[in-house]
Amino acid sequence: MQPGVIGEAPMSAVLLASILLRLCGVIAAVVLLKRQRDWRLGFLVVLIALMATRQILTMSHHFGLGISFDANLDELPGLIVSVLTLMSVFYIGRTLDDQKRAGSAFRSGQEFMRRLIDALPAHVSYVNAKQQYQLVNKQYEKTFSRPRAQIEGRHVRDVMGPELYAAARDGIDGALSGRTVRMDLNLKRPGREDLVLDASYVPDKDASGAVNGFFLLAADVTDRKRAEEALRQSEQRFRDYTDVASDWFWELGPDMEISFIAERVAHHTGIPANEYLGKIRFEMGGYVVEPDALGRHRRDMDRRQPFRNFRYAKRSRDGGLRHFRTSGKPVYTDGGVFIGYRGVTSDITHEVETESRRRQAEQRLLHAIDVLPVAFTLYDSDDRLVTCNRVYRQSHGSGEVPAEAGMPFKDLVDAYVAAGGLGDNEKIVEDWRTARLNRRIKPEQGQQYRLGNGRWVEISDYILDDDSVITIGLDITKRRTAEEKGSVHESELTQVLRRSTMGEMAAMLAHELNQPLTAMLNYSSGAIHRLKSDRLDRGELLPVLQEIHNQAERAEDVLKRVAAFLRPHGRHDGVCGRTRVTDVVEAVSVMAGAELRAKQIEFKPSVPPDLPPIMASRIEMEQVLLNIVRNAIEAMQDSANGERVLKVNAACDRDDGIRIDVIDSGPGLDPSIADRVFEPFATTKSNGLGMGFAISKRIVDGLGGRLWIRESGSDGLCVSLNLPTAEVR
Amino acid sequence: MGERKSIVFIVDDDVAVSESIKWLVESVGLAARSYGSGRAFLAGYEPSQPGCLVTDMRMPEMSGLELQERLSRRGVDLPVIVMTAYGDVTTAVRAMKKGAVDFVEKPFNEQNMLDLIHDCLKADIERRGRDVERGRVRVQFGRLSAREREVMRLIVDGKSNKEVARLLDIVPKTVETHRSQVMDKMAAATFADLVRMAHTCL
């Protein structure tokens, strides 16, 4: 600008425009400052304001009022500067706006990403190569119970804890070495439910392939895992049942071919399960099925009907017949399409065989009952006939009694009576029937009847545990007849024993009598000699005569005992009565006393004072016992044993009645007759008949007792007998 | 001989029997002692006492046979009469084989019994007498010289004096002397006596 024109010259239009432009620039800069709130724009405002002020000062200095539109080239650069300045402001404003808009868009994008990953139901994170979390989502806050700020930037191990870190190590190391790794992680949380995470480690590679870090996506699959586990257990349970059950499962396809069959089948049929697959049942051969039943079964299946307990048999590979039972039901899809059968088969061979054996045994028992020579009937607890045998049906003589299972007892008896089968025992029959129906049954107490046909029967009832009753009718005609003859026979036997016992006793009694007789003879002869030779002293004679008297009395005693033995107590032989064992033993000890003394045998009887009496004939018992005792004495006579003891022990046994043991210390039983001691004429004695044991046994048997012999170890021989007590009978 | 009176020993566990036998035996003037058991008898018996033993067969502790066996084991030759009961035949036979002398079945005829006892006593005395005689002969024989014994042996063999003289190469006269010496020293009254004695000592 030229100093000459200042204040004088009219205002240049260019300058004015330049000033206006500059003022506009200030305004634009202020607006920009206000909008951008960036204090750095203040410099721009001040700069442009100073530029504007400079122009205004220039104008006021040089120009007056008025405007000159003269071209003044001097002022043109200022105008250009002004235009450029204003453009710069607009440009800066524009740039700043763009910048601001871009920043805001970026921020909202990042926010969205974060919201997105926060919303994901999984753990999402980015971990750098130093294994520090760079980014984690909200799930981490929940899982690790701490704010995101305390996770991001931390080392993975510090956040996860050493245990989980160790478990995750494969994934982390894998991802950091460039591989994508997927694995399950078990996250234990004290006090809370454990989590199962399905974790994917994805490496973050740059263009060169270097790994900068990795992304982690870990979804909570706890529920799914639990469901899977439950399913697995359920399947396992099913498998277990299948394995341990004696039954096996099978499935048929739509064409009835076997599509599945449990392995177990091989165990029962010998054919491996896989050989069944694809085959049609009952077309495999070896089946033993009733044709009708098989036809029905097939029809059922053709009609898609369920079936239960269809039985069949099949030859196993080893040739044996196995029995099976199978049940099945059709299977349809949800849409109702038939897709086959499903079912189960059991091996019932054992049951079938057991049943068959049981039936055989029952049949055998029934046969046995049928051929029993007694009339047998079995009634149930309602007194209805269950079964009876042939003898019963034929037992009343005039044809068979219409005895059918189920008939009431009362009707049967009536039929029997009507047929005249029970003869004229009406009163007894009535009593028996009443007692029977009222279950007043005394077992083993048979009732004897004479039937219409003249035969004798003994009818006994027995109540079984289940309250059923067995009635047995025994034809005792022969026994009755035999008993009448038998009593005679029995007494004959007794006589034989008596005679043989007496014969043997005679020797003993002779000895017993010899003593006093010898003494008497000697005394009297001595006295006679003295009298004859006149050497008799009167004083001497009296004691001698006294002694003769004593000896005569002694002989009389012996004879009395013999008499007692021959005709004891004025009773008849063989009459049963209450007999005290102690009396029997006492009598025997007297009768055998002389012999016992002579043979130097110690006699040790032991009879409890409270022993109940036996029901037997005393004389018979004395003979039996004397016989045994005499045998023992003779056995010991031949024995070289120093000690000679004869024990007679009596005792009461609840079950066996009275038991008497005669135990000697002899040499035991002669083996040559051991097995026939009880046979007549078995003897080792030179002077015995050998009838003793045989007859003794007959007598004891007849009294309902038992007589047996056994070696008694060191003691020699033990002869035992037992007899019922009088109370029982 | 004969200086000691024979005694009948009676053993029976039945006092009536033993006492009655004692009474019977004494009635004929014999001495008798009764014992209740074999043991009691053995305790009191002195072997030089002549007599006989009457014992019961069946007795407690020690039977009559056992008693007899014990006696014979002690070298006592006392005659034994065993009384048996009726029917003890087999036992008796067994005992007989063992050397018991006599058996009497009870009850016995008292005269038979007494006869038997007398026989036994006599036999015992004779046996004892024989024993004494035998002892005496042995003593006398011991007194003979060697030549006299040779001569005695030959003459009791029935050799004549001449034969003896030839056999012993001595003169018959010397034989004669020896012979009278032998007869003298042996106190033989007759040649027959000498022969009997020779049975004992040669």
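## The mixed sheet of chain A

Chain A of this predicted model holds an open sheet of 5 strands, ordered S20-S22-S23-S25-S24, with mixed pairing. Strands here are DSSP runs (E, at least two residues), helices are runs of H or I with at least four residues, and both are numbered from the N terminus. Two strands count as paired if DSSP finds at least two bridges between them. Strand S20 (602-606) and strand S24 (706-711) of chain A are the edge strands, each pairing on one side only. From one strand to the next the twist averages 15°. Angles run from 0 to 180 degrees between N-to-C directions, and axes are lines fitted to C-alpha atoms, for helices over the stretch in contact.

S20(A) pairs with strand S22 (residues 645-653) of chain A in the parallel sense, over 5 bridges. Within that pairing, Lys604(A) has Lys647(A) in S22(A) as its bridge partner. Two helices lie across strands of chain A. Helix H16 (residues 581-591) of chain A lies across S20, S22 and strand S23 (657-664), and runs at about 170° to S20(A). Helix H18 (residues 618-637) of chain A lies across S22, S23, S24 and strand S25 (717-723), at about 25° to S23(A).

## A hairpin in chain A

Strand S14 (residues 375-379) and strand S15 (residues 385-388) of chain A run antiparallel, joined by 3 bridges. Thr377(A) has Cys388(A) in S15(A) as its bridge partner. S14(A) and S15(A) form a hairpin with 5 residues between them. In the turn, Asp383(A) has a positive phi of about 60°.

## Helices H1 and H2 of chain A

Helix H1 (residues 13-36) and helix H2 (residues 41-62) of chain A have axes that come within 9 Å and cross at roughly 160°. H1(A) is therefore roughly antiparallel to H2(A). The angle classes are: under 35 degrees roughly parallel, over 145 roughly antiparallel, 65 to 115 roughly perpendicular, and the rest oblique.

H1(A) passes H2(A) in a left-handed crossing. A crossing is left-handed if the near helix is turned anticlockwise from the far one by less than a right angle, and right-handed if clockwise. The contact of H1(A) with H2(A) has 18 nonpolar, 6 polar and 1 charged residues. Ala, Val, Leu, Ile, Met, Phe, Trp, Tyr, Cys and Pro count as nonpolar, Asp, Glu, Lys and Arg as charged, and the others, Gly among them, as polar.

## The parallel sheet of chain B

Chain B has an open sheet of 5 strands in the order S2-S1-S3-S4-S5, with parallel pairing. Its edge strands are strand S2 (31-35) and strand S5 (102-105) of chain B, each pairing on one side only. Direction ignored, neighbouring strands of this sheet are turned by 20° against each other on average. Strand S1 (residues 7-11) and strand S3 (residues 51-56) of chain B run parallel and are joined by 5 bridges. Ile10(B) finds its bridge partner in S3(B) at Val54(B).

Helix H1 (residues 15-27) of chain B packs on the sheet and touches S1, S2, S3 and strand S4 (80-84) of chain B. Its direction makes about 175° with that of S2(B). Helix H5 (residues 110-143) of chain B lies across S1, S3, S4 and S5, running at about 135° to S3(B).

Helix H6 (residues 146-156) and helix H8 (residues 172-185) of chain B pack at an angle of about 90°, their axes 9 Å apart. H6(B) is therefore roughly perpendicular to H8(B). Residues in this contact include Val151(B) and Met152(B) of H6(B), and His178(B) and Val182(B) of H8(B). Contact means heavy atoms within 4.5 Å. The contact of H6(B) with H8(B) has 4 nonpolar, 2 polar and 4 charged residues.

The axes of H6(B) and helix H7 (residues 161-168) of chain B come within 10 Å and cross at roughly 130°. H6(B) is therefore oblique to H7(B). The crossing of H6(B) past H7(B) is right-handed. Arg147(B), Glu150(B), Val151(B), Leu154(B) and Ile155(B) in H6(B) meet Val164(B), Leu167(B) and Leu168(B) in H7(B). By class, this contact has 6 nonpolar, no polar and 2 charged residues.

## Where the chains meet

Chain A puts 27 residues in contact with 25 residues of chain B. The area buried between the chains is about 2,200 Å², and carbon and sulfur atoms give 56% of it. Buried area is the accessible area (1.4 Å probe) that two parts lose on being put together, summed over both. In chain A, Asn522(A), His529(A) and Arg530(A) lose the most area to chain B, together 24% of what that side buries.

## Conventions

Residues are numbered from 1 along each chain as its sequence is written, with chains lettered from A and ligands numbered from 1 in the order in which they are written. In this predicted model local features need pLDDT of at least 70, side-chain atom pairs count only at pLDDT 80 or more, and totals for chains, interfaces and linings use all residues; side-chain values use heavy atoms, leaving out hydrogens and water.
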